[in-house]
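User: I've got a new structure open and I'd like to learn how to read it. Let's take it one question at a time.

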Amino acid sequence: MNGDRRRLVSALLGDEPMREDLLEQSLTHRSAGRVNNERLEFLGDALLGVVIAEVLWQRFPDADEGELSRRRASLVNKESLARVARGLHLGDYLKLGSGELRTGGHTRDSILADALEAVIGAVYVDKGFADARDMLLRLFAEPLATVARQQALKDPKTQLQEKLQSMYRPLPEYEVIDISGQQHAQLFAVRCQLMHEGCATQGEGSSRRRAEQDAAAQMLAQLPGLHGDD
């Protein structure tokens, strides 16, 4: 293993060695060969989700499912993973095909994020769950601290309401249009309407509140200018 790879392993595992074949595979993009990091990426993605979910569940005992999901999404999205990968200088170690090399694949968020998940998967296969979990807690210590400092992330209904208010437009109207299922397992369907826009979305959920949140989230995603930047 060359010096560069040893520095990477040291950043991942400290003084512990790592199987060279697994590390090689985790750093090989599909453009570079038939034996590549896609399978390890699949494994690492699942492991990362479990560990981050566990940490958030422990650190935010009063958070509901929706808030925990939003916090997890803020930590494991492509951009967040790419930042962690850049902190490891992961792009310097990637094995890419000629086409990806020509187009700067070693700096692309999607490739870096996938490679990080593959490396996580490789560590898990080599060292087991406990060591992989310890590594993830180190790698994501700062992102987790940032999330802990944030106020509760706003739900879709609140985001939509605040966005409309900032644009001096009427608030959305929500209407239950259907309730189906048995009493103990009902499914609510709710319509969210923006009368001034002449558009509506429909959401579903196990309660009216969840259905309204689903409909609001779809409205945010559907209308340009209402989700993200003006």
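User: How many salt bridges does the count come to?

Analyst: Heads-up: this is a predicted model, where local features need pLDDT of at least 70, side-chain atom pairs count only at pLDDT 80 or more, and totals for chains, interfaces and linings use all residues. Residues are numbered from 1 along each chain as its sequence is written, and side-chain values use heavy atoms, with hydrogens and water left out. A salt bridge here is a side-chain nitrogen of Lys or Arg within 4 Å of a carboxyl oxygen of Asp or Glu. By that rule, the count is 14 salt bridges.

User: Are arginine 19 and aspartate 21, which meet in a salt bridge, buried or exposed, or partly exposed?

Analyst: Their side chains pair at 2.8 Å, N to O. Buried means under 20% relative accessible area, exposed means over 50%, and partly exposed is in between (1.4 Å probe, protein chains only). Arginine 19 has a relative accessible area of 40% and aspartate 21 comes in at 45%. Because of those values, arginine 19 and aspartate 21 both count as partly exposed.

User: How many residues apart in sequence are the parts tied together by glutamate 65 and arginine 210?

Analyst: The side chains of glutamate 65 and arginine 210 meet in a salt bridge of 3.3 Å, N to O. Helices are DSSP runs of H or I with at least four residues, strands are runs of E with at least two, and both are numbered from the N terminus. Glutamate 65 sits in helix H4 (residues 65–76) and arginine 210 in helix H11 (residues 208–222), so the pair ties together parts whose separation in sequence is 145 residues.

User: Arginine 208 forms a salt bridge with glutamate 212, so which of the two is buried?

Analyst: The closest N and O atoms of arginine 208 and glutamate 212 are 3.0 Å apart. They are 4 residues apart in helix H11, which means about one helical turn separates them. Arginine 208 is partly exposed at 42% relative accessible area. With a relative accessible area of 10%, the buried residue is glutamate 212.

User: Which residues are linked in a network of salt bridges?

Analyst: As a bit of background, side chains of opposite charge can pair when their charged atoms come close. In this model, salt bridges link up as a network of Arg5, Glu24 and Lys95.

User: What about the cysteines: how many disulfides does the count come to?

Analyst: A disulfide is a covalent bond between the sulfur atoms of two cysteines. The cut-off used is a pair of cysteine sulfur atoms within 2.5 Å. By this rule the total is 0 disulfides.

User: How far from cysteine 192 is the nearest cysteine sulfur?

Analyst: Cysteine 192 is in no disulfide, and the nearest cysteine sulfur belongs to cysteine 199. Cysteine 192 is buried, with 0% relative accessible area, and cysteine 199 is buried too, at 16%.

User: Now the largest pocket: which element supplies the largest share of its lining?

Analyst: On a 1 Å grid over the protein atoms alone, a pocket is an open set of points where a 1.4 Å probe fits, with protein on both sides within 12 Å along at least five of seven lines; lining residues have an atom within 4 Å of a point. The largest pocket has a volume of about 440 Å³ and 19 lining residues, with Gly66, Arg70, Pro156, Gln213 and Asp214 nearest its centre. H4, helix H10 (156–166), strand S3 (199–205) and H11 each give at least two residues to that lining. The largest share, 7 residues, comes from H11.

User: Where is histidine 89?

Analyst: Most residues other than glycine have a negative phi. You'll find histidine 89 in the loop between helix H5 (78–87) and helix H6 (98–102).

User: And what separation do the C-alpha atoms of glutamine 186 and glycine 205 have?

Analyst: Glutamine 186 lies in the loop between strand S1 (173–180) and strand S2 (187–194). Its relative accessible area is 24%, so glutamine 186 is partly exposed. Glutamine 186 and glycine 205 are 19 residues apart along the chain, and their C-alpha atoms are separated by 8.5 Å.

Technical notes:
Points joined across faces, edges and corners; volume = space filled by probe spheres on them.
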